[in-house]
Amino acid sequence: MTGGRVVILGPTGRNFAAGMSGGIAYVWDPHALFPDRCNMEMVELEELVISEEIEEVRRLIARHAEFTGSTVAQALLSNWERAAAAVRRSHAHRLQARAGAASQNAPSAGRLAPGTTTE
């Protein structure tokens with residue numbers, strides 16, 4: 001995975017995220033099995049804590065339920081607080097490193113980045 005977002009509502013195979021260089025995978029993990037199946041050299045796992053992100057995942061699952069009639073998605077939505085607590089956010093280590101580097105290298109308002117000209 002190199003970009004975008006995906007929500008996984010079922011079990012993952014072993015070595016999940018091998019080669020993941022970008023994007024975000026939200027994995028519903030009600031039995032806490034995901035960390036053992038995930039390639040932790042490539043990604044970090046976090047709980048969902050930001051309300052906007054929790055709502056985004058809920059909306060994605062709701063759209064999935066609407067378009068597919070998924071009973072799993074419908075069950076998660078019917079007990080959303082419990083379901084959301086079991087969702088893990090998986091993102092590439094490089095994603096955070098890149099974001100940090102970009103903010104450090106970003107020119108301040110009105111100033112040019114080193115090595116650039118106005119001509």
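Begin by selecting Tyr26, Val57, Ile61 and Trp80, the residues with the most contacts inside the largest nonpolar core, which has 13 residues. A nonpolar core is a set of buried Ala, Val, Leu, Ile, Met, Phe, Trp, Tyr and Cys residues joined through side-chain atoms within 4.5 Å; buried means under 20% relative accessible area with a 1.4 Å probe, protein chains only. Two or more residues of this core come from each of strand 2 (24–28), helix 2 (51–68), helix 3 (71–78) and helix 4 (80–85). Helices (H or I, at least four residues) and strands (E, at least two) are DSSP runs, numbered from the N terminus.

The model is predicted: local features need pLDDT of at least 70, side-chain atom pairs count only at pLDDT 80 or more, and totals for chains, interfaces and linings use all residues. Residues are numbered from 1 along each chain as its sequence is written, and side-chain values use heavy atoms, with hydrogens and water left out.

Next, select strand 2. Four of its five residues are buried, so the strand is largely enclosed by the rest of the structure. Strand 1 (residues 5–8) pairs with strand 2 in the parallel sense over four bridges, and Tyr26 is the bridge partner of Val7. Strand 4 (residues 87–92) pairs with strand 2 in the antiparallel sense over five bridges; here Val87 is the bridge partner of Trp28. Pairing requires at least two DSSP bridges between two strands.

Finally, display Phe34. At 2% relative accessibility, Phe34 counts as buried, as does Phe16 at 19%.

Methods
Buried < 20%, exposed > 50% of the residue type's maximum accessible area, 1.4 Å probe, protein only.
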